[in-house]
Amino acid sequence: MHLSHITKTAALGLVFALGACTKPAPEAPKTTAASEPASVASAPASVAAPERTIRFGSDATYPPFESTAANGEIIGFDIDLAKAMCEEMKAKCTFTNQNWDGIIPALQAKKYDVIASSMSVTPDRAKVVLFTQMIWSTPSLFVGKTGSTLDTTPAGLKGVDLGVQQGTVQDTYATKHFPDAKIKRYKSIEDAINDLGTGRLKAVFADGGVVTHLVDGSSPDKGFESVGTPVPNSADEDILGAGTAFAVRKEDTALADELNKAFDAIRANGTYKTLADKYFKFEVYNK
């Protein structure tokens, strides 16, 4: 599920493996039999405490959930949640920017350990990744130019230029439920919104959490509003999923359990609400 103008520049040359890594042991002090007892001189060097790193992958083109700042840092609601969960887990977080089409293959290739990228929980995806519990859930919305009276029923969208982000659940849903629409697929939602602004599209169909800032007046990009009727996940849960979650490799059950416990902790201690209120004016945890 993935608005501002974003540059994909994050590249984090990571070398840590999932679990723990051990820092190099410091060189033992040089001693001689004359200056210290033999038992001390031959003692093994002390070993530094291991530092655990959990590597996250995100398609940072989906504000306010994940995007890149001017300095290349990956930021957003999903990222802040991941950091808070890592703090609960006493682990260090790192983040890699990965395009959406390759986000699951890169997880399986062990480029990172966790996908934190507005990924909807669907039966097809659950066959290849292991999801955590739900992280957040919002309906899908249609966005049009201010004043649009577009009918967003299947009949109303016949022949209409409709933009979606390629590979998202909204892409799949539109393909199935709006077969007569002229669906145009984009690498990022920002590209679709740009074409909406120039008139190449009549509407964009996207996750509500992603496009809400366009229609609530908080975005510098003016002239857009929600049109038609929102589409709840229950409209086709097999496609739209049961909310979004983080994802790990199928075999990494222990990591999934730790992430779930950490998520429970930040829900209980108020951190989740604090972070959600930072980004949204509405409830994003809708079961």
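Rings of Phe, Tyr and Trp (its six-membered ring) are taken to pair if their centres lie within 6.5 Å; planes under 30 degrees apart count as stacked, over 60 as edge-to-face and the rest as tilted. By this rule the count comes to 17 aromatic pairs. One of them joins Phe 263 and Tyr 272, an edge-to-face pair with 5.5 Å from centre to centre and 85 degrees between the planes.

The structure is a predicted model, in which local features need pLDDT of at least 70 and side-chain atom pairs count only at pLDDT 80 or more, while totals for chains, interfaces and linings use all residues. Residues are numbered from 1 along each chain as its sequence is written, and side-chain values use heavy atoms, with hydrogens and water left out.

Phe 263 lies in helix 9 (residues 253–268) and Tyr 285 in the segment after helix 10 (271–279), so the pair ties together parts that are 22 residues apart in sequence. Helices (H or I, at least four residues) and strands (E, at least two) are DSSP runs, numbered from the N terminus.

Ring pairs link Phe 263, Tyr 272 and Tyr 285 into a cluster with Phe 65, Phe 77, Trp 136, Tyr 279 and Phe 280. Arg 267 lies over the face of Tyr 285, at 3.7 Å from the ring centre, and its charged end sits over the ring of Tyr 272, 4.9 Å from the centre. The rule here asks that NZ of Lys or CZ of Arg be within 6 Å of the ring centre and within 35 degrees of the ring normal.

Helix 7 (residues 208–215) is mostly covered, with 7 of its 8 residues buried. The buried ones are Gly 208, Gly 209, Val 210, Val 211, Thr 212, His 213 and Leu 214. Their cover, counted by contact (heavy atoms within 4.5 Å), includes strand 2 (61–62), strand 8 (140–145), helix 6 (189–198), strand 11 (203–207) and strand 12 (224–231).

Gln 170 belongs to helix 5 (residues 169–177) and is buried at 2% relative accessibility. A polar contact of 2.9 Å joins its side chain to that of Ser 140. Such a contact is a pair of N or O atoms within 3.5 Å; within protein, one must be able to donate a hydrogen and the other to accept it, and residues adjacent in sequence count only if both atoms are side-chain atoms.

A search of the whole structure finds 1 disulfide (a pair of cysteine sulfur atoms within 2.5 Å). This disulfide joins Cys 86 to Cys 93, with S to S 2.0 Å, and the link is right-handed, with 105 degrees about the S-S bond. Cys 86 is buried at 1% relative accessibility, and Cys 93 is buried at 19%.

The protein chain as a whole comes to 10 helices and 13 strands. Buried residues make up 49% of its 287 residues.

Methods: Buried < 20%, exposed > 50% of the residue type's maximum accessible area, 1.4 Å probe, protein only.
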